[in-house]
Amino acid sequence: MTRFTHLIAPPFRPDQPGRARLTGRQATGQVDTWIRSQTHRVKRLLTWLAGPASALAIFLAPVSILWVALPANGETLPLLLSETGLFRPGEAGITAPGVLTFSPQYPLWSDGATKRRWIYLPPGSSIDASRPDAWEFPPGTKLWKEFSVGRAVETRVVERLEDGTWRFAAYVWRQDGSDAELAPSGGIAALPVPGAPDSIYGVPSEPDCRACHEGGPVPVLGFSALQLSPDRDPGALHAQPPGTTDVDLRTLADRGLLRNLPAGLLNSPPRIDAPSADGRAALGYLHANCGHCHNDPRESGAGVPVDLLLAQYAGRPDSAGAVIDSLLGTTSRFRMTGQPTRNRAELVTLRMHSRNPNTQMPPLGTRIADAQALSLMERWLASELQSQNSSNKINSPAKEILP
Amino acid sequence: MKTAKQLLLSAAIAAGVANFTTPALSDADQVARGKYLVTTSGCHDCHTPFKPGLNGAEPDMSRMLSGHPQDLVMPPAPVLPDGPWLVTSSATNTAWSGPWGVSFTANLTPDPETGLGRWTVRNFKDTIRSGRHLGRGRPILPPMPIPVYSNFIDADLEAIFSYLQTIPPISNRVPEPLPPPVQAVSVTP
């Protein structure tokens with residue numbers, strides 16, 4: 001057990017994650033999570049108390065409610081990357097046994113930074129892939145992504161905790177590359193890094209991590225059926241060739257790390273069903289860079305309620321068509337000042353081009369527009385998409401984008 | 001000071017004797033609490049346009065919480081001289097100019113196309129918690145007191161959202177914020 005304070009007499013009022021401050025004789029700290037225990041959770045609560053728990057304090061209300069406060073991330077996150085389980089003990093840079101490498105076919109644009117990625121699943125565990133676009137990762141899952149600009153600058157960590165919640169952290173590499181140190185939860189807006197745009201590199205805050213990662217049905221974004229499909233898109237932008245040890249959909253299944261994966265996805269690996277190579281690459285790019293927010297809100301409950309669907313679904317053969325229909329729609333809540341547009345696709349391109357913080361898309365994580373992506377979008381727009389538009393859709397009302 | 005053993009015992013006793021249910025607010029109570037919070041937390045000060053009244057400026061409740069009026073096109077904001085003055089606002093109190101550019105207060109009514117009609121309570125809570133539009137997009141700009149409101153507990157935000165979904169919908173498309181002049185020149189496409 002970590003530690004916990006004395007009981008605090010009611011009345012009390014649990015506050016929000018990261019906001020409440022406990023004061024006890026043994027500990028004072030930020031509260032990460034408040035859990036109101038219902039009857040069915042009492043057993044789990046007692047398990048926490050008895051086991052390797054992170055419970056910091058228990059509060060007993062005068063009647064009927066039991067609250068548990070878990071310590072904030074800052075109290076429990078390792079201070080060094082080498083302590084997160086990525087590396088062998090004492091050997092920063094040498095990945096630990098059980099840590100797997102992977103490479104999504106459609107990477108996120110990160111201002112040209114090169115990236116490496118790893119995943120760890122606890123021994124004996126596996127991912128429930130019965131929902132092809134919302135894999136259920138076991139508690140204890142960890143993912144790391146390293147960003148390099150000439151040298152390793154930052155490694156981000158996503159971890160699923162025992163209670164099923166997810167936490168996010170960033171580590172900034174020392175100049176000498178000996179290790180990386182935990183970044184403040186508020187991020188670092190302007191880390192001086194030669195080679196980065198304007199020699200400034202942004203380390204995201206914890207809320208900004210959640211802003212992107214919690215917009216979809218599952219917070220893991222680059223490790224999915226489509227992203228790990230063996231049928232990789234040769235036209236995908238910024239994709240790094242998979243390494244010899246990288247896992248993909250088939251190797252994960254072969255190793256028993258995926259369960260309940262629909263057999264059809266192995267026999268016919270997920271592939272964006274676009275009518276052209278440019279269309280396939282463009283739709284893949286939009287999926288990776290925009291789909292974590294512009295998705296079907298029925299899947300996540302947290303997608304943005306605007307008429308723009310940009311996510312692909314391995315479990316829905318009509319995904320490409322649905323996104324194209326969405327892009328050809330003419331209605332939009334957003335109005336680009338002084339920039340008339342004929343359809344949402346043009347508006348998307350304008351916002352991809354912008355780096356005005358009120359306008360740019362994606363809204364965070366990038367300081368310079370992706371020239372290759374803009375070129376691809378404009379090429380695709382000018383040919384295939386616009387021809388479809390002019391032939392049958394430009395004067396029609398916006399289609400309902402969600403099935 | 002209680003020992004760990006005593007705490008375990010207390011928890012076990014509580015688990016055994018209490019039914020661990022919380023009386024939920026009825027829908028009406030939830031809405032009433034939301035109205036109370038909206039009224040006491042200053043939402044009208046900026047989201048309901050002001051108009052001249054017999055006793056000076058007063059909120060125009062015929063446009064309650066509908067944000068900056070779409071038909072009030074603002075001229076360029078005055079350029080303030082160097083000095084301690086930093087911010088200017090419109091007479092309606094719905095347009096604000098400062099170092100961040102120009103911001104316009106949002107339409108909080110449940111109009112589906114221009115207000116919060118299509119938002120979910122999750123969208124609303126994520127917005128207040130993150131300080132980003134819809135919890136994921138552009139930053140919410142001053143003078144919205146995100147650092148204050150992000151301290152609301154979930155139940156309060158849920159009550160506020162419940163109330164906002166009951167007020168009269170008003171179709172009013174609020175303009176997008178404008179960047180500061182330097183940014184407007186250099187990065188706006």
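This is a predicted model: local features need pLDDT of at least 70, side-chain atom pairs count only at pLDDT 80 or more; totals for chains, interfaces and linings use all residues.
Colleague: Which helix of chain B has the lowest mean pLDDT, and which has the highest?

Modeller: Chain B as a whole averages a pLDDT of 87, with 83% of its residues scoring at least 70. Over residues 7–22 of chain B, though, the pLDDT is below 50, and this stretch has 29 contacts beyond near neighbours in sequence. Helix by helix, the lowest mean, 45, belongs to α1 (residues 4–17) of chain B, and the highest, 98, to α3 (residues 43–47) of chain B.

Colleague: In what order do the elements of chain B run?

Modeller: You'll find 7 helices and 5 strands in chain B. Of the contacts in chain B with a separation of 6 or more, 59% join residues 24 or more positions apart. From the N terminus on, the order is α-α-α-β-β-β-β-β-α-α-α-α.

Colleague: Why is α4(B) called largely enclosed, and what covers its buried residues?

Modeller: Across the 189 residues of chain B, 33% are buried. In α4(B) 8 of the 10 residues are buried, so this helix is largely enclosed by the rest of the structure. Those buried residues include F124(B), I128(B) and R129(B). Their cover includes α5 and α6 (154–164) of chain B, together with a helix from the other chain, α3 of chain A.

Colleague: How many residues of α3(A) are buried?

Modeller: Among the buried ones are E206(A), D208(A), R210(A) and C212(A). The helix α3(A) is mostly covered, and the count of buried residues out of 8 is 7.

Colleague: Is L65(B) buried or exposed?

Modeller: L65(B) sits in the loop between β2 (56–59) and β3 (88–89) of chain B. Its phi is near 60°, a positive value in a residue other than glycine. The cut-off for burial is 20 or more other C-beta atoms within 10 Å. L65(B) has 27 such neighbours, so it counts as buried.

Colleague: What about H238(A): how many other C-beta atoms lie within 10 Å of it?

Modeller: Phi of H238(A) is positive too, near 65°, and this residue is also not glycine. Look for H238(A) in the loop between α3 (206–213) and α4 (249–254) of chain A. H238(A) counts as partly exposed because the number of other C-beta atoms within 10 Å is 18.

Colleague: Where is P362(A), and what is the omega of the bond from M361(A)?

Modeller: P362(A) is placed in the loop between α9 (344–353) and α10 (371–393) of chain A. The bond from M361(A) to P362(A) is cis, and its omega is near -5°.

Key. Residues are numbered from 1 along each chain as its sequence is written. Chains are lettered from A and ligands numbered from 1 in the order in which they are written. Helices (H or I, at least four residues) and strands (E, at least two) are DSSP runs, numbered from the N terminus. A residue is buried if 20 or more other C-beta atoms lie within 10 Å of its own, exposed if 12 or fewer, and partly exposed in between; C-beta atoms are placed from the backbone. pLDDT is the predictor's confidence in each residue, from 0 to 100. Two residues are in contact if their C-beta atoms, placed from the backbone, lie within 7 Å.
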